[in-house]
Amino acid sequence: MALFERDDELSLLHSLLAESSRGKGQIVLLSGAVGIGKTELLYAFGEQATDAGAQFVVASGRDTGLAGPFDVVRQLFADLALPAELRDRLSGPGGGEDQRQTRARLAHDLCEALLGLAARRPVLIGVDDVHRADGSSMGFLLRLVRRIRSAPVMLVLNEPRHTRRDHPVFDTELLRQRHYRRLQLPPLSRQGVTRLLTEGLDPAEAQRLAPECHAISGGNPLLVRALLEDHRELGGARGLRTVQEPHDILGTRDVRDIRDVSDDPVRGRAAPDPGAPGGPVAGDSFGQAVLACLRRGEPGMLDVGRALAVLGDASSPARVARLLGTGADPVVRVLRQLDAAGLLDLTRFRHPVARAAVLGDVPPERLRDLRLGAAGLLHREGAASTDVARHLVAVGHVDDRWVLPVLKEAAEQARLSDDIPLAVSCLELASRACSDAVERAGLTAALARAETRVNPSVAARHLVPLADAACGGALPDTDVFPLVKALLWHGRGDEAAAVARRLCEAPGCAGAPAALGSVRAWLRVSHPPLLDRIPPRGACRTGPPPYPGAPRADALLASVLSGEPDRGAAMNAEQLIRSTRLDDTTFDEIESALLTLLHTDRLGRAALWSGRLLAEATARCAPAWQARLAAVRAETALRYGDLPTARRLAESALTHVSPRGWGTAVGAPLATLVLAHTAMGDAGAAEEQTRHPLPEGVFRSRTALPYLYARGHQRLGAHHVHAALDDFLLCGRLARDWGLDLPSLAPWRSGAAAAHLVLGRREEAHRLAEEEVERSGPGTSRSRGMSLRLLAESGEPPRRAALLQEAVRVLRLCGDRLELARALARLSQAQHELDQAGKGRKALYQALQLAERCSARSLQQSLLSADPGGRPLAAPAAFPDSPRLSAAEQRVARLAALGHSNREIADRLCITVSTVEQHLTRVYRKLNVANRADLPSEFHLVTAHTA
């Protein structure tokens, strides 16, 4: 094996060998950290000494349990010619105190024999790990040290640095000898590591990996070679390789453990592609090298290493000593050895694979004792509850009284810090250790909430036990309403109704009327068919306290969807979002507030807040939150006409949580995805989405309405007109029966009117369109713009242009580019019918440009092939920005043209309201217009919606 950065040491050893060959015996002690290369240097020097004419004999010290008397001496004399009588005496020296004199005489005679052999040929004696040599052999070496001053003998010993041996007399004798030298072997420098890596890698790769390899190994050649072996095996092939994660060092489960197996088929991590910049891959070879270092040190080194691995970041010399029940001085000495060996950074392992390897090597019973000891130690010292809980969770079963409060506190701290795997593990252990039924039910409810953040499907396993606890009066009141929601999410209507009825039947429950009222208010707009199965609030046996009503956001959403919105619903919803932290207990509230903004046509605010919250959920690794927020964000993008973004976000929503995990709420993201595919002309993908089987509970929930509306449009696009009409009419019947006949939720009349138009039933289409316009109200809602277009299409020709111009105006203010393109296309036709060819052609070009921006391929193709003027259409050029406006003024003008308030524009562009007002003043002056409604059409055509 090649040596690196040992030229100076070899040169010195050769000069000392030359001195000893001239009859001036030499003694050298090679000292250095475990694995630093002492043994390699000894053997390399021995081979060179043999080539120079010396006789090289070598032995190794071994553990006391493996070595008998004269063990090292036997190894040394195995290859030397000894008299038969002396070899017989060496092969069977006796033990006990009565043999001390016999052993002393044997050691003397062996020294004489060795010196006699050296007189004929210089002898090089090497003893590896001399600190482990048995006492009899140390006695022989002690005699030899005193005799070789004038003999052609060179003695080379090696031992780890900072080692404490059981033979202090030998150390003292060495220091007295003038021919004694001590060589301290340093770790490899970064350049040395680079040279070593070049043995197995090309120079460029070795140069790139050397800094990190040096940092991981501390320059220990044994560790560097192990890293090289792992990197060549695990990282040497092109592409990604799956590398199994290290042993779970503290027993906490990875986030993937609480996802569906189908969502995460590969349990492991990907090694870096060597074609791309990446660090060295540490694996089994590195772990085994770490263990070899620990085993080759003094006996206490392995125990200290295990204690360090268990304590992790909480390690300190004092804690390690207390955990092992030993003194601080031995621990400090071992820590110095481990630091010198490149294993530690202060009191922590340099690499997690090293820690994992040590933990994986501890016998199970010993590991359990260490973890329990660490938990108790940290608890007594007042350490953070999460640090204590990690050890308790790793053990998996505890009986002490202090454990349960620690686990509960740790679960809450872990939840607040988004460490959901730890929170789940703490709650599972706490619920098993808890004997009180009410407290255990509360822990199970908290566990279900934590798991829901990652995967609702996994949390469903707790619903039946929680429902039983609720019906038995063991579930805390604060957990009843969330339980009803969870049951209905998973389509368990019977259990949900039973839990809600229990609120009335349980005597002594002072909060039952309020909780029951909350349930009824929420059911009214989420699962209306179940409302009749829930007793009225006054049916409770207990006297009703002042009813606080449903949670604020649920109440706001209910008022909007029932067609009786609070005048300040949107403002209150946004204020709630601003003032509420995203959390397991507040997520439903925030989602309801976002839907309130969406269904009151505050698309800009809904896009802004859903985008911010989605980014936060992503940063906090909460897949269920990501899925539900992505669904809201996708619907917002759809209403802006941003079809690619709507499709991407809807697909993301169905990826972060599988359709099964979505439960009865799956209708919402599916509806967005189907509408986006249909509008983009991808009929096959749209039809495929509608073929997926849905949970039965979907059609007893609010999400059935947008789903039926979306499926109706998919069937209409596929020319299954009667099936489409059936879907629209079923959607309408359910909406009326449930009291959710809101055009913003599912404009089924517009869909049915479009189907009747295809079937030639103009009068029926006109009637439905008129009803839709009336229900949409006089404002500038998106549904009003859509219904005005259909009213014009189904009405008499003289009124079409005026109605379509009003539809265009409304849709421009709403910002829906796709519906605006459709309205402009119909306006173009109406203007050609009125012999206004120039205006009609301009409207058609605008419609074509918008269709292209929306990626609405089907609409785009129909427009390109249907020029009312009979002339071929080319792809439209983009409207040029006005050269008179600055870039900042153009951004403000575009948002203003879409109808955003000055405050909304300021929030979007991160500027002050005063700055917005100043920009608008200059825009109006430069363009010679009075207000935002008079801004040129090119500003209306560009939405400020951010994907």
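**Buried spots, ring pairs and cavities in a predicted model**

Q: What does Ser 285 touch in this predicted model, leaving aside neighbours within four places in sequence?
A: Ser 285 is in contact with Ala 226, Glu 229 and Asp 230. Ser 285 itself sits in helix α11, residues 284–296.

Q: Why is Ser 285 called buried?
A: The relative accessible area of Ser 285 is 16%, and buried means under 20%, so Ser 285 is buried.

Q: What makes the pair of Trp 489 and Trp 662 stacked?
A: Start with the general idea: a pair of aromatic rings is described by the distance of the centres and the angle of the planes. By the rule used here, the count comes to seven aromatic pairs. For Trp 489 and Trp 662, the ring centres are 5.9 Å apart and the planes stand at 20°. Centres have to lie within 6.5 Å to pair, and planes under 30 degrees apart count as stacked, so this pair is stacked.

Q: Where in the chain do Trp 489 and Trp 662 come from?
A: From distant parts: Trp 489 is in helix α23 (residues 480–489) and Trp 662 in helix α32 (residues 659–662), 173 residues apart. Both Trp 489 and Trp 662 are buried.

Q: What makes the pair of Phe 699 and Tyr 707 edge-to-face?
A: Here the rings are 6.3 Å centre to centre, with 75° between the planes. The cut-offs are centres within 6.5 Å and planes over 60 degrees, and that gives an edge-to-face pair.

Q: What makes Lys 485 count as lying over the face of Phe 481?
A: Lys 485 is at 4.8 Å from the ring centre, and the distance cut-off is within 6 Å, together with an angle within 35 degrees of the ring normal. Arg 612 likewise lies over the face of Trp 609, at 5.1 Å from the ring centre.

Q: How many cavities of 30 Å³ or more are found in the whole structure?
A: Two. The largest cavity has a volume of about 50 Å³, and its lining includes Leu 488, His 527 and Arg 700.

Q: What classes of residue line the second largest cavity?
A: Two nonpolar, one polar and three charged residues. Among the lining residues are Val 34, Lys 38 and Asp 129.

Notes: Residues numbered from 1 in each chain as written. Predicted model: local features only at pLDDT ≥ 70, side-chain atom pairs only at ≥ 80, totals over all residues. Heavy atoms only, no water. 1 Å grid on protein atoms, 1.4 Å probe; cavity = no way out; pocket = protein on both sides within 12 Å on 5 of 7 lines; lining within 4 Å. Points joined across faces, edges and corners; volume = space filled by probe spheres on them. Nonpolar A, V, L, I, M, F, W, Y, C, P; charged D, E, K, R; others polar. Helix = DSSP H or I, 4+ residues; strand = E, 2+ residues; numbered from the N terminus. Buried < 20%, exposed > 50% of the residue type's maximum accessible area, 1.4 Å probe, protein only. Contact = heavy atoms within 4.5 Å. Phe/Tyr/Trp six-rings, centres within 6.5 Å; stacked < 30°, edge-to-face > 60°.
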